[in-house]
Amino acid sequence: MAIFNDKKILRKEILTKRKNIDVVEKEKMDKKILNKFYESKYYRESKNIFIYISYDSEINTKEIINKSLIDNKKIYVPRTEFKTRLMDAVEITSLDDLIESEYGILEPSIYEPHIEPNELDLIVVPGVGFDRNGGRMGYGAGFYDRYFKKISKDKMKKIVKLALAYDFQILEDVPMNEQDVPVNYIITEKEFIHR
């Protein structure tokens, strides 16, 4: 129980720190992170990218989505079902294809078809905190951990799981249990972390 409470407190501290980043400083850090992402072989070699749509103080992934579409990559974004805590990856051809959910998050319509998870080659995974072993502290709803269970074990090894984070989001240790899936790489404004 202590770890759960500590995790909750830590999550709140990191989110508060992220929310309080100076706007100009955030733009500079985002630009450094995005440039490293575009230069990575994981971006260059990917064809089917599953990426979350940035919300609130998250790193600006809308810019990545627009550039990826220009670069002729197929872009898939999350469509979530909060009652079941399940998520699908739905292809979009423009951010204009999205509608605002009841939680204020942009998502594809429920009528759009989703891709089979095994067809993806790069998943950009959101998170509050990460460690150097790929440990990830999410927002607490478990959407991505459940989504990863839909992927075959063989394919899971091949799909690149990459996180974008600010340097202060890199922690000493993120407690993980057996259903938690680590990320392979983390890009911050200061470094490119390989697990």
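Which exposed residues does the face of α2 turned away from its buried side carry? Hi everyone, let's work towards that together. One thing to keep in mind as we go: this is a predicted model.

Let's start with the helix itself. α2 covers residues 23-39, which makes 17 residues. From the first C-alpha to the last, α2 reaches 24 Å, close to the 24 Å expected at 1.5 Å a residue.

Now for its two faces. K26, M29, D30, I33, L34, F37 and Y38 are buried in α2. They sit on the same side of α2 because they cover an arc of only 170 degrees around the axis. And here is the reply to my opening question: the face turned away from that buried side carries V24, K31 and E39, which are exposed.

What do the buried residues of α2 pack against? Their partners are α3, α4, β6, β9 and β11.

Before we leave α2, have a look at its N-terminal end. D22 caps it, with a side-chain oxygen 3.2 Å from the backbone nitrogen of V24.

One of those partners, α4, is our next stop. In α4, the buried residues are T61, I64, I65 and S68. Down the helix axis, these fall within an arc of 100 degrees, so they line one face of α4. Among the elements covering them are α2, α3 and β9, along with the strands β1, β2 and β3.

α4 has a cap too: a side-chain oxygen of N60 lies 3.1 Å from the backbone nitrogen of K62, at the N-terminal end. After α4 comes N72, with a positive phi near 60 degrees.

Definitions and conventions. Residues numbered from 1 in each chain as written. Predicted model: local features only at pLDDT ≥ 70, side-chain atom pairs only at ≥ 80, totals over all residues. Heavy atoms only, no water. Helix = DSSP H or I, 4+ residues; strand = E, 2+ residues; numbered from the N terminus. Expected span 1.5 Å × (residues − 1). Buried < 20%, exposed > 50% of the residue type's maximum accessible area, 1.4 Å probe, protein only. Arc of directions from axis to C-beta. Contact = heavy atoms within 4.5 Å. Polar contact = N/O pair within 3.5 Å; in protein donor to acceptor, adjacent residues only side chain to side chain.
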